[in-house]
Amino acid sequence: MDDITLLKQASRQFHPSAEFVKNAAISGMDAYRALCAEAERDYQGFWARLARENLIWQKPFTKALDESDAPFYRWFEDGHLNVSYNCLDRHLVNGNADKTAIIFEADGGEVTRVTYRELHQKVCKLANGLKALGVNKGDRVVIYMPMSIEGIAAMQACARIGAIHSVVFGGFSAKSLQERIIDAGAVAVITSDEQVRGGKSLPLKSIVDQALEMGGCDEVRHVIVHRRTGNMTGQVAGRDLWLADLMAAQSELCEPEWVSAEHPLFILYTSGSTGTPKGVQHASGGFLLWAMLTMKWTFDLKPSDVFWCTADIGWVTGHSYIAYGPLAAGATEIVFEGVPTYPDAGRFWQMIEKHKATIFYTAPTAIRSLIKAADSNPDVHPQQYNLTSLRLLGSVGEPINPDAWLWYYKHIGREQCPIVDTFWQTETGGHMISPLPGATAMVPGSCTLPLPGIMIGVVDEAGRELPDGQGGILVVKRPWPSMIRDIWGDPQRFIKSYFPEELGGKLYLAGDGAIRDVDTGYFTITGRIDDVLNVSGHRMGTMEIESALVAHPLVAEAAVVGKPDTTTGESICAFVVLKRARPAGAEAQLIAAELRNWVAKEIGPIAKPKELRFGDNLPKTRSGKIMRRLLRLLAKGEAVTQDISTLENPAILEQLKEVS
């Protein structure tokens, strides 16, 4: 398509078929509006009804919402339930015990299937093993594992005994892992000897060892290791044990620990605008309710569906839409260990064809990289594969640009599958704004309308509502069950980050800019308003990367900004001042490579700057403040036409145009 055609298409509405609407869980806009009206009319009653209808309670709740200690809201607090019971045990008695729960495909193509009965047994044995090691309700367990059935079972086993898990993405460094272990106060770590991605074996257990050797992790009593490849060097007697050995002697039955709906289910660390990761704390009842409901509403889940979310369990998408939501809803889901380009860029399409996936949920970054691959190699173009099993597509992690949306719609969905472009965050626990596939007309690049019960607004810096068509700050006006409950161990940071006084202290600050269309009321996300980058759907704080760079002995000062990237959405551009003379040529390239590797070691490969630029100084005002708006212009390659009268050192801008 040429640019003019794309622009015309991007403003066009795409409607679900009459057949899809007819069979949808939420069928037509009248059904959507009816749910929204119910929430407006009786907000607490709306959520109470949904919680009673969708979750199994050991002790029913008597009050939906407690606002007495706002913004520390409490939902269904006097009700007792167990998340693992709601995900597994319910299916043992409703006729789904022998239904396939997970189709696991390893990096090399090997496929393992487990039924709900088999997954329940595996989870119970691991839960009993954890209890035998002295892991109790309320204890924190860090999970540092690859995509695997065992990784999901570890999360479910923690939930079963009331332990609080904190999953750390397998791409994070030993230092990042150590920081999270310390902050959570973990008593145990569950890991694998290695992970396998793209045909390569990558260490995990040795990184855990490095993290623990750094100190401060004194509460960790056990390291439990899943044997993925068998390649593990060094075991600490009395601390390290194989997962299989732990489970071997355990019973296949483990009574669930019934907990308050407000009992923390997990802590998941996400980057903030300061250097320290934030431990986002989610509650058991509210989180599970929304994960399950959005499976039914956003994905229109049917009993016959084969659902595939390509995320990693180290991110919130892997929590809500792999480890919990699909299982609570009784779905058959695909779990994939590898990468979309191995052994070639047709891997996703080959898997959809082989497993007859019906719902496919992936990130714009993956879509854009596969568009490039298909353009350069016809053999991996999706038209070479039978994708007719697909009935619904989804996008997650960042806004999807209209041209990628249209390619996805045409080449993967055959212009027959609705696309749910979902906006949400680690902190929201599930989708906030998204098309409902049987109701909402889709517009490429817009996440469209809030889900029923989610009260969205666009405000200015003082918290005043802005008129449609005027861009501003995205906020949520009412608490909702799956929202973040706290930042682990730092309630003041929770208030400052999400309910700032500048906005009146009652609006949830999403941290994103947005604009609402005058005609349709549709929302479009315009990007982060804080110093948080979104690279391939992964959030990273600029301060975190800057701190890592400055920790290198050569670096005196560093500033990091985001730069638009056609594949990853945003890439990292670092401006660096060394403690010695500014390097040039081959020397600059060598030092840039060293600093990239340093950042990968300090944080993880995902945080590597794509570009490094060296200068004698950074552009600063006379008061010493770095002028980041100028750095953003330089990163984009745009001319500096703004007023720079307050800039102390204008000549520095020419130096910083040069990429090493």
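## Model and confidence

This is a predicted model, in which local features need pLDDT of at least 70 and side-chain atom pairs count only at pLDDT 80 or more, while totals for chains, interfaces and linings use all residues. Residues are numbered from 1 along each chain as its sequence is written, and side-chain values use heavy atoms, with hydrogens and water left out.

The protein chain has an average pLDDT (the predictor's confidence in each residue, from 0 to 100) of 92, and 96% of the residues score at least 70. Over residues 1–7, pLDDT stays under 50. For that stretch the model has five contacts (heavy atoms within 4.5 Å) beyond four places in sequence.

## Nonpolar cores

A nonpolar core is a set of buried Ala, Val, Leu, Ile, Met, Phe, Trp, Tyr and Cys residues joined through side-chain atoms within 4.5 Å. Buried means under 20% relative accessible area (1.4 Å probe, protein chains only).

The largest core has 127 residues, of which Trp-47, Phe-76 and Tyr-324 touch the most other members. Leaving out residues up to four places away in sequence, Phe-76 touches residues including Trp-47, Trp-57, Phe-61, Leu-289 and Pro-481. Another core, of 45 residues, lies apart from it, and Tyr-144 and Ile-572 are among its members.

## Ser-148

Ser-148 sits in the loop between strand S6 (140–144) and helix H7 (149–161); helices (H or I, at least four residues) and strands (E, at least two) are DSSP runs, numbered from the N terminus. Ser-148 is buried, at a relative accessible area of 5%.

A polar atom of the Ser-148 side chain lies 3.1 Å from the backbone oxygen of Pro-146. Beyond its neighbours within four places in sequence, Ser-148 is in contact with Phe-104 and Val-335.

## Helix H12

In helix H12 (residues 316–328), 13 of its 13 residues are buried.

Conventions
Buried means under 20% relative accessible area, exposed over 50%, partly exposed in between (1.4 Å probe, protein chains only). A polar contact is a pair of N or O atoms within 3.5 Å; within protein, one must be able to donate a hydrogen and the other to accept it, and residues adjacent in sequence count only if both atoms are side-chain atoms.
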